[in-house]
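Reader: I would like to go through the labels used for this structure and hear the grounds for each one.

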Amino acid sequence: MTAPAEPMTHRQVLKALSGLLLVLFVAMISGTIVSVALPQIIGALKGTQSQYTWVVTASLLAATASTPIWGRLADLFSKKLLLQISIVIFMVTSLACGFAQNTEQLIAFRALQGLGMGALQILVQVVIAAMISPKERGRYNGYLGAVMAVATVGGPLLGGLIADTSWLGWRWCFFIAVPFTVVALGLLHKTLHVATVRQDNVKIDYAGATLIAAGVSVLLIWITFVGNSFDWLSWQTAAMAGGGAVLLALATWVETRAAQPVVPLHVIRRRTPALAIVASLAVGMAMFGGSVFLGQYFQIGRGYTPTEAGLLTIPMMAGVLVSSTISGRMVSRSGKIKPYIVTGSIVLTLGFLVLSTMDHQTSLYLIGAAMVLVGVGVGMSMQNLVLAIQNTVPLRELGAASGAITFFRSLGGTIGVSVLGAVLANQVATSISQGLAKAGIPASASGGAATLDIAALPEPIKTIVRSAYGDATGHIFLISAGLSVVGVIATLFFKSVTLRDTLDLPDPKQADEQPVPAS
């Protein structure tokens with residue numbers, strides 16, 4: 001039985017948003033705080049470049065696999081209760097990450113933390129969509145953009161300060177999320193009141209989610225080790241790449257037969273959702289895969305402290321803030337969404353192209369300008385892609401549709417981080433070997449140059465390692481630019497539609513592409 005979807009007043013929406021935005025802030029700041037401090041964290045735990053990548057990939061992969069399940073559960077059970085449960089999961093796993101004693105433990109705890117992060121990412125969007133019509137949602141996307149900007153700008157700065165403060169240390173980059181989660185729980189208990197949609201014969205597609213997660217995991221593990229531990233043409237490659245492909249093929253087969261699939265194929269087959277998913281996949285690969293290595297570039301490639309690295313990422317975050325706020329209000333005013341998505345995708349590609357030219361001596365002004373372009377592109381495209389797919393489905397499918405696009409965006413990010421991390425690791429290893437040989441330093445005397453504990457290296461080797469990281473980073477942004485071009489092509493084929501101004505489609509059985517026409 002479904003409660004009627006009555007629109008909330010502006011005052012009621014703002015009260016509910018206070019808790020929801022804090023939840024979103026908690027989820028986002030946990031990633032941005034760690035991003036800048038991660039080189040120091042991995043260095044302190046004596047980790048390698050591959051482990052650096054997997055600390056990021058583990059949480060993204062868990063979030064990716066769990067997001068559609070949370071989205072489906074939101075269509076069936078209390079959205080408020082699910083949100084509270086996810087906050088508790090996130091809080092407990094954040095504490096566990098802070099107590100990790102080695103990189104293996106940290107990767108495992110980050111994977112568990114990803115379950116909570118995936119839930120928070122999707123449930124906040126689903127709840128907001130259940131309260132506000134698509135056309136009016138652009139107005140509130142400005143608030144979302146502001147929270148994203150504060151978290152993305154403040155997070156690296158706060159993470160850098162924590163990592164640089166001797167009496168705190170990097171572990172507090174994880175511990176600091178706890179007070180925010182406690183406050184968020186209190187606010188949500190008082191302010192969030194949304195109708196609960198209940199359905200009979202509830203079935204969760206655990207088989208589909210498990211097969212998707214397993215298939216993607218096998219492929220990412222293969223990408224991490226191929227070229228180092230074994231050759232591209234080897235039985236290991238055949239087993240892992242072939243096994244991953246078979247698992248994903250089985251997942252597709254299961255999804256076509258599941259009563260309530262974790263990825264609803266009847267939704268993503270339609271033109272706008274399909275194109276939005278392709279664009280989100282490309283944008284996710286480019287954005288997550290590229291931006292996650294910026295903090296590492298500034299610290300290892302250029303020698304800046306975590307605090308300074310946080311300050312240097314401000315241009316990108318400022319671009320996200322300004323573009324998401326302005327484009328959100330303009331979308332609400334006009335009801336048109338395609339121009340902003342296309343423009344954002346193009347600007348994002350241009351930003352990555354500029355970043356692809358950088359090395360360990362590139363002017364910081366040029367890098368800053370490129371990061372502004374990347375931020376503007378992300379701010380204009382990412383949230384509007386979610387809005388585009390939400391506009392095409394009835395209210396009863398909102399969670400599944402939102403979960404699908406968030407799933408593919410996170411999947412793109414997971415693949416992007418893993419692939420670009422593997423490219424970076426191979427490029428760095430080659431550059432370090434060449435640099436050591438040119439300097440006449442035997443590899444056995446390098447003092448563990450493969451680790452990220454740069455401060456412990458002898459000065460000549462430290463210079464070689466910094467140059468290797470600084471020069472290699474430009475290559476991964478060139479790949480990011482190529483990936484984002486796919487997103488541009490997908491957005492160009494979007495239909496020019498006007499966002500509907502009702503919470504649900506006029507006919508609950510109608511789930512086609514035609515929104516309410518503009519008056």
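Author: A residue counts as buried when its relative accessible area is under 20%, and as exposed when that area is over 50%; partly exposed lies in between. The model discussed here is predicted.

Reader: Why is S324 called buried?

Author: The relative accessibility of S324 is 7%. The limit for buried is under 20%, so S324 counts as buried. S324 lies in helix 14, which covers residues 314-334.

Reader: What makes the pair of V320 and S324 a polar contact?

Author: A polar atom of the S324 side chain lies 2.7 Å from the backbone oxygen of V320. The cut-off for such a pair of N or O atoms is within 3.5 Å, and 2.7 Å falls within that limit.

Reader: Where is I337, and is I337 buried or exposed?

Author: I337 is found in the loop between helix 14 and helix 15. Its relative accessible area is 3%, and the cut-off is under 20%, so I337 is buried. From I337 to L387 the C-alpha distance is 8.5 Å, although 50 residues separate them in sequence.

Reader: How do you know that V262 is buried?

Author: By the same test, with a value of 4% relative accessible area set against under 20%. V262 has its place in the loop between helix 9 (235-257) and helix 10 (265-268). V262 and G208 are 54 residues apart in sequence, and their C-alpha atoms are 6.4 Å apart in space.

Reader: What makes N426 partly exposed?

Author: N426 has a relative accessible area of 28%. Buried requires under 20% and exposed requires over 50%, so N426 is partly exposed. N426 is found in helix 17 (residues 398-438).

Reader: Why is helix 12 called mostly covered?

Author: In helix 12 (residues 294-301), 8 of its 8 residues are buried. Among them are Y297, F298 and I300, as well as Q296 and Q299. Helix 12 is followed by G303, which has a positive phi, near 85°.

Reader: How do you know that the length of helix 7 agrees with its number of residues?

Author: Helix 7 (residues 177-191) has 15 residues, and at 1.5 Å a residue these should span 21 Å. The expected span is 1.5 Å times one less than the number of residues. The end C-alpha atoms are 21 Å apart, which agrees. The buried residues of helix 7 include A177, T181, A184 and L188. An α-helix has 3.6 residues a turn, so residues three or four places apart point the same way.

Reader: What makes helix 15 and helix 16 roughly antiparallel?

Author: The axes of helix 15 (residues 338-355) and helix 16 (residues 364-390) cross at roughly 150° and come within 7 Å. Roughly antiparallel means over 145 degrees, so helix 15 is roughly antiparallel to helix 16. Helix 15 passes helix 16 in a left-handed crossing. The contact of helix 15 with helix 16 has 19 nonpolar, 7 polar and no charged residues.

Reader: Why are helix 3 and helix 4 described as roughly antiparallel?

Author: The axes of helix 3 (residues 79-98) and helix 4 (residues 103-131) cross at roughly 155° and come within 8 Å. With the cut-off at over 145 degrees, helix 3 and helix 4 are therefore roughly antiparallel to each other. Their crossing is left-handed. By class, the contact of helix 3 with helix 4 has 18 nonpolar, 5 polar and 2 charged residues.

Terms used
Residues numbered from 1 in each chain as written. Predicted model: local features only at pLDDT ≥ 70, side-chain atom pairs only at ≥ 80, totals over all residues. Heavy atoms only, no water. Helix = DSSP H or I, 4+ residues; strand = E, 2+ residues; numbered from the N terminus. Buried < 20%, exposed > 50% of the residue type's maximum accessible area, 1.4 Å probe, protein only. Polar contact = N/O pair within 3.5 Å; in protein donor to acceptor, adjacent residues only side chain to side chain. Axes fitted to C-alpha atoms, helices over the stretch in contact; angles between N-to-C directions. Parallel < 35°, antiparallel > 145°, perpendicular 65-115°, else oblique. Left-handed = near helix turned anticlockwise from the far one by under 90°. Nonpolar A, V, L, I, M, F, W, Y, C, P; charged D, E, K, R; others polar.
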